There are 2 protein chains.
Amino acid sequence: MTPPPSGTDSGSAADGQTHLPHACPQPEPLDLADIRRKVEDILQSFLDERLRDLPHHQARPLVEHLRTLIAAGGKRTRPVLCAIGWHAAGRSGTPPQLLHLAAAIEMFHAAAMIHDDIIDRSAIRRGLPSAHHALRAQCTAAPGSDTSTWFGASAALVLGDLALSWSDQLLYRGQLDNAQLQDTHPLLDTLRSEALIGCYIELLATGRQTDDLDTPMEINRLKTAKYTIERPLHLGAVLAGAGPAVLSTCSAYGIPLGQAFQLRDDLLGAFGDPTATGKPTLDDFREGKPTLLLAIALSRAAPDQRECLHQLVGDPLLDDAGAASVREILTVTGARQKVEDLIESHRLQAVAALDERTLPGAAATALRQMAETVTRRYA
Amino acid sequence: MTPPPSGTDSGSAADGQTHLPHACPQPEPLDLADIRRKVEDILQSFLDERLRDLPHHQARPLVEHLRTLIAAGGKRTRPVLCAIGWHAAGRSGTPPQLLHLAAAIEMFHAAAMIHDDIIDRSAIRRGLPSAHHALRAQCTAAPGSDTSTWFGASAALVLGDLALSWSDQLLYRGQLDNAQLQDTHPLLDTLRSEALIGCYIELLATGRQTDDLDTPMEINRLKTAKYTIERPLHLGAVLAGAGPAVLSTCSAYGIPLGQAFQLRDDLLGAFGDPTATGKPTLDDFREGKPTLLLAIALSRAAPDQRECLHQLVGDPLLDDAGAASVREILTVTGARQKVEDLIESHRLQAVAALDERTLPGAAATALRQMAETVTRRYA
């Protein structure tokens, strides 16, 4: 594990019980908004530099779309958790190594969103046209033509690859020392591999509409729980030189919270307000997304309801009336309420993991706050 | 720049004139076959390990396809050039740092092939079904259905992302020291960015069929000359701590040779033997690939020939008879011969760059040999 870097911006790494911030009765809370801002600054400067040094001027709209997507917001859940992981391991401050690692995770997330939207045929992301839709404008073929659609998807594929490549370059910019890099890079690779393989497992299940409850939970574990919560926490903690005890607390908190996060996402995908989520509520239904919500409904549905779900979910031309019927069945079968209950029980399980082992106070407070934020959100 | 790593496996880095292998009258030639084998061993062990440690057993066929694609051969042009770059900078041997860097480049190339085949809708690669075709077999939907096609393309997209991610992980396995990593990683990033942006510039031009000769040359410069020849040489040289003189020789050799490489590729795409190239000769025509060959033909074509090219090239349903007509026009307009002449003049320009500045003898010999291999090949 890595010794603390020098400088006043980082505290001492420890799994021990003494001299940690949590020993103070009122630790100074982590400034999560400040962390978000700093990570965003790094991402924007990096992309500004890429735009200045483009190997070909015609690629400008491509990279500009990436800059717009990243500037359009998002919750920055992963970078924030990465920073909390650092503090959970007893460090303080926001040194450049940490911020660049957090920015690398967010850049990978941009790549994942761009490629996911191609796969899911989603037209909207963060309230804006998704990359494969927006980039059609660069094609001279008639809008709506097959060539224009092909061009948009191909250009978005290339843009996602650029973002994926650049996530590594951002890690380098952090000037991690060799030991930090050796600890951190394999874990960043694991985060990416798990997310991608989770995406593939979801592909296998998409459109099958079964009442099998295990598959959605397994997809959620890889694609969300590990990718969104556990691994970002681990990355910040490992950068800080955390020992196994801190890492296992992060897992005990991260996996159930990540499950709850995805279950909330599924509810928002079905019942959310598109003006808040920035995403239409038809997409998940049209795609036939294999959610636990749908599997529970299918397992409880009467034969006519089940028939109706099979007909409507996965229909790429599903309209608002059809979506309303699906929602009705998700509600009357009790699936919606059951998922709400599961979100709450998973949230409690995550928070209980914090009670069982003492993390530095500011990190523990931030994690409790995150448990609220990610499970009780509207967007 | 980086000091030489310790151990008997690496010689001394120098831009100077004394004590370099080229001072010997008969330097021992580089064993390029041995380099290929060693890089292949690293790639296969890496993928075997990935298969052992899969986050989910259902992802096995995905990673197995990547292993098959890589095992199916290819010329390993980039890894070999990376190794020659190392020797061009005065080093000897094949230390693990060099082999892992070379393997990282080849793994990125696997990602690029998989994603290119989605974009180009190519059914065959290295004589095998391309990833997006092969992976359709994992989908339960009816073969030939829209769902099966969508699944194959989506799965191949995810697999290319995994390979792209893993190209970085391979670099790490080389245990480069911090100085080597700081020199090498930005350049690996540049190689990837240039290749991807070249791919996008090609997308913009695809199907437009103009007699503009500059655009194909610009695409070739980014997508092939830099990506396939110049940057791999630079990477090996920079790992070895090369100074600007060696790097500029690599560019003076690499850019014209890379142009010649792509021009040969275009001729093989139009006139090659599919059993040797592992790629049908209809693909480039059907796709409307914006080659210099086509642009020259268009610039020289009589009105009826021009009309014929506009009709046939870019037609996704082009048949063998149509392809024969295109080939006839490419030949009678003299475009084919003109491209042959350009290949030869570019090859000579590349070789002349070696004469102007003395590189270590074994590296110079290997580069002369490569100039033959890449321009006079049949596959």
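# Briefing on a predicted two-chain model

Helix α1 (residues 32-52) of chain A and helix α3 (residues 77-88) of chain A pack against each other at an angle of about 115°, and their axes are 10 Å apart. Chain A has 16 helices and two strands in its secondary structure, and chain B can be laid on chain A with an RMSD of 0.0 Å by a turn of 180°.

**Chain A as a whole**

- The secondary structure of chain A, with its 16 helices and two strands, occupies a box of roughly 65 × 55 × 30 Å when the C-alpha atoms are taken along the principal axes.
- A compact globule of 379 residues would have a radius of gyration near 21 Å, and because chain A has 21 Å, its value agrees with that expectation.
- Of the 379 residues in chain A, 56% are buried.

**The α1 and α3 pair in each chain**

- In chain A, the crossing in which α1(A) passes α3(A) is right-handed.
- On the α1(A) side the residues that take part are Leu32(A), Ile35(A), Arg36(A) and Val39(A), and they meet Pro79(A), Val80(A) and Ala83(A) in α3(A).
- Sorted by class, this contact of α1(A) with α3(A) has six nonpolar residues, no polar residues and one charged residue.
- In chain B, the axes of helix α1 (residues 32-52) and helix α3 (residues 77-88) come within 10 Å and cross at roughly 115°, and α1(B) likewise passes α3(B) in a right-handed crossing.
- The contact in chain B is made by Leu32(B), Ile35(B), Arg36(B) and Val39(B) of α1(B), together with Pro79(B), Val80(B) and Ala83(B) of α3(B), and its residues divide into six nonpolar, no polar and one charged.

**How the two chains meet**

- Between the chains, 38 residues of chain B are in contact with 38 residues of chain A.
- The elements of chain B that give two or more residues to the side touching chain A are α4 (96-120), α6 (146-173) and α7 (178-205).
- The residues on that side of chain B comprise 20 nonpolar, 12 polar and six charged.
- Of the interface residues of chain B, 100% are also interface residues in chain A, so the copies meet through the same surface.
- In chain B, the C-alpha nearest the axis belongs to Asn178(B), which lies 2.9 Å from it.

**Loop residues of chain A**

- Gln175(A) sits in the loop between α6 (146-173) and α7 (178-205) of chain A, where it is partly exposed, with 15 other C-beta atoms within 10 Å.
- Leaving aside neighbours within four places in sequence, Gln175(A) is in contact with Pro96(A) and Gln97(A), while its C-alpha atom is separated by 22 Å from that of Arg52(A), a residue 123 residues apart from it along the chain.
- Most residues other than glycine have a negative phi.
- Arg126(A), in the loop between β1 (124-125) and β2 (128-129) of chain A, has a positive phi near 50°, and this arginine is partly exposed, with 18 other C-beta atoms within 10 Å.
- Gln209(A), in the loop between α7 and α8 (214-239) of chain A, also has a positive phi, near 45°, and because 20 other C-beta atoms lie within 10 Å of its own, Gln209(A) is buried.

- Asp34(A) has its place in helix α1 of chain A and is exposed, with 11 other C-beta atoms within 10 Å.
- Asp34(A) and His346(A) are 312 residues apart in sequence, and C-alpha to C-alpha they are 28 Å apart in space.

How values were computed. Residues are numbered from 1 along each chain as its sequence is written. Chains are lettered from A and ligands numbered from 1 in the order in which they are written. This is a predicted model: local features need pLDDT of at least 70, side-chain atom pairs count only at pLDDT 80 or more; totals for chains, interfaces and linings use all residues. Two residues are in contact if their C-beta atoms, placed from the backbone, lie within 7 Å. Helices (H or I, at least four residues) and strands (E, at least two) are DSSP runs, numbered from the N terminus. Ala, Val, Leu, Ile, Met, Phe, Trp, Tyr, Cys and Pro count as nonpolar, Asp, Glu, Lys and Arg as charged, and the others, Gly among them, as polar. Axes are lines fitted to C-alpha atoms, for helices over the stretch in contact, and angles run from 0 to 180 degrees between N-to-C directions. A crossing is left-handed if the near helix is turned anticlockwise from the far one by less than a right angle, and right-handed if clockwise. Copies are superposed by least squares on the C-alpha atoms of residues with pLDDT of at least 70 in both. The radius of gyration is taken over C-alpha atoms; the globule rule is 2.2 Å times the number of residues to the power 0.38. A residue is buried if 20 or more other C-beta atoms lie within 10 Å of its own, exposed if 12 or fewer, and partly exposed in between; C-beta atoms are placed from the backbone.
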